[in-house]
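Me: Could you walk me through this model? I'd like to go feature by feature.

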Amino acid sequence: MKNQFLVYLLRRILIMIPTLLVISILLFIVIELPPGDYVTSYVQALKARGVEIREEQLEALRVRFGLDQPFPVRYGKWIWGFVRGDLGVSYTYGEPVTKLIMDRIPFTIMISVITILFTWVMAIPIGILSAVKKYSFWDYLLTLIGFIGLSIPNFFLAILLMYLGFKYFGVSIGGLFSREFLFAPWSWAKFVDLLSHLWVPVVVIGTAGTASMIRVLRASLLDELSKDYVRTARSKGLSESRVILVHPLRVAINPLISTVGWLLPTVISGEVITSQVLSIPTTGPLLLGALLNQDMYLAGSFLMVLSVLTVVGTLISDILLAWLDPRITYS
């Protein structure tokens, strides 16, 4: 078993290398597809402010940023730097990409981890209840709530909460801190203020994920509860809670475990549009701005980090599935 696991792990790591290479090429191509480049976007912004720039200045900027070089050369420099841990310097901010990302990572991870915990804590018991009480009032009510959660876009829910909070309570729920604590040093009062704002992005971002997870768990658990081994367990006089929780739930939770691969990039990227609407200082708006400005080093390196995390997360989810479900083997 141990040898099988090592062979499986080595094979998957070897597959990850060409996979990430292909992803890096596609990322670079997609970011380069829009007409123009960062200098074009920069010049357009200057013209919008009434500032004219000469052609020789334009060419000097392209040389400065290395945009005068052919595509293969620019790609080679970027990917070689990424492999060495050098994510480059952002055209827009003039700072190392690593520093820009790390400055926003703490709040991003905090919100994402709490949202994931909120999603699982809410979805698993509700999904079990919905499956056990099939076609009951509670099942129909939870199904209705689930469909509402799936159908409402996160950014719309964020705007709705901001409107209701301001109109009926006279408070602004955007951002993570009140105005008086925005630049204040950390204290107990600032921490309490953070908690009072934190529930909004957690609920907004977690709503759709919770609703989706409830539907998946309900369907999987209903399928398992109809099988012979469950009827056999009941005929032996086992309690209903033991019958449900010991074996059927362990198998029904497999689709949720398979999504662990998405959790790592989600923890780092956050919810882009929701963070933009709520003015939350996460990495999401940073990525959006980089894509709009065609900031190759910032956008490409950040997306490549997410790709690496996705591939690694998929490997972790596969290992967890094989560990939880004895029917799955590493061979």
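Me: What should I know about the model and its numbering before we start?

Reply: This is a predicted model, in which local features need pLDDT of at least 70 and side-chain atom pairs count only at pLDDT 80 or more, while totals for chains, interfaces and linings use all residues. Residues are numbered from 1 along each chain as its sequence is written, and side-chain values use heavy atoms, with hydrogens and water left out.

Me: OK, how many helices and strands does the protein chain have?

Reply: The protein chain comes to 16 helices and 0 strands, where helices (H or I, at least four residues) and strands (E, at least two) are DSSP runs numbered from the N terminus. Its C-alpha trace spans about 85 × 60 × 40 Å along the principal axes.

Me: And what share of the residues is buried?

Reply: Of the 331 residues in the protein chain, 42% are buried, with buried meaning under 20% relative accessible area, exposed over 50% and partly exposed in between (1.4 Å probe, protein chains only). As for contacts (heavy atoms within 4.5 Å), among those between residues at least 6 apart in sequence, 75% join residues at least 24 apart.

Me: Let's go to helix packing. At what angle do helix 5 and helix 6 cross?

Reply: The axes of helix 5 (residues 97–132) and helix 6 (residues 137–151) cross at roughly 135° and come within 8 Å; axes here are lines fitted to C-alpha atoms, for helices over the stretch in contact, and angles run from 0 to 180 degrees between N-to-C directions. That makes helix 5 oblique to helix 6, since angles under 35 degrees count as roughly parallel, over 145 as roughly antiparallel, 65 to 115 as roughly perpendicular and the rest as oblique.

Me: Which residues make that contact?

Reply: On helix 5 they are I126, L129 and S130, and on helix 6 they are D139, L142 and T143. By class, this contact has 3 nonpolar, 2 polar and 1 charged residues, with Ala, Val, Leu, Ile, Met, Phe, Trp, Tyr, Cys and Pro counted as nonpolar, Asp, Glu, Lys and Arg as charged, and the others, Gly among them, as polar.

Me: Is S130 buried or exposed, and what does S130 touch?

Reply: S130 counts as buried, at 1% relative accessibility. Leaving aside neighbours within four places in sequence, S130 is in contact with D139, L142, T143 and R218.

Me: Which other ring does Y75 pair with?

Reply: Y75 also pairs with W78, the ring centres being 6.1 Å apart and the planes at 55°, so this pair is tilted. Y75 and W78 both lie in helix 4, 3 residues apart, about one turn of the helix. Ring pairs link F28, Y75, W78 and F82 into a cluster. F28 is buried at 1% relative accessibility, W78 is buried at 2%, and Y75 is buried with a relative accessible area of 13%.

Me: Last one, how far is A233 from F183 in space?

Reply: A233 and F183 are 60 Å apart in space, C-alpha to C-alpha, and 50 residues apart in sequence. A233 is found in helix 9 (residues 228–235) and is buried, with a relative accessible area of 15%. Not counting residues up to four places away in sequence, A233 touches L238 and V243.

Key: Phe/Tyr/Trp six-rings, centres within 6.5 Å; stacked < 30°, edge-to-face > 60°.
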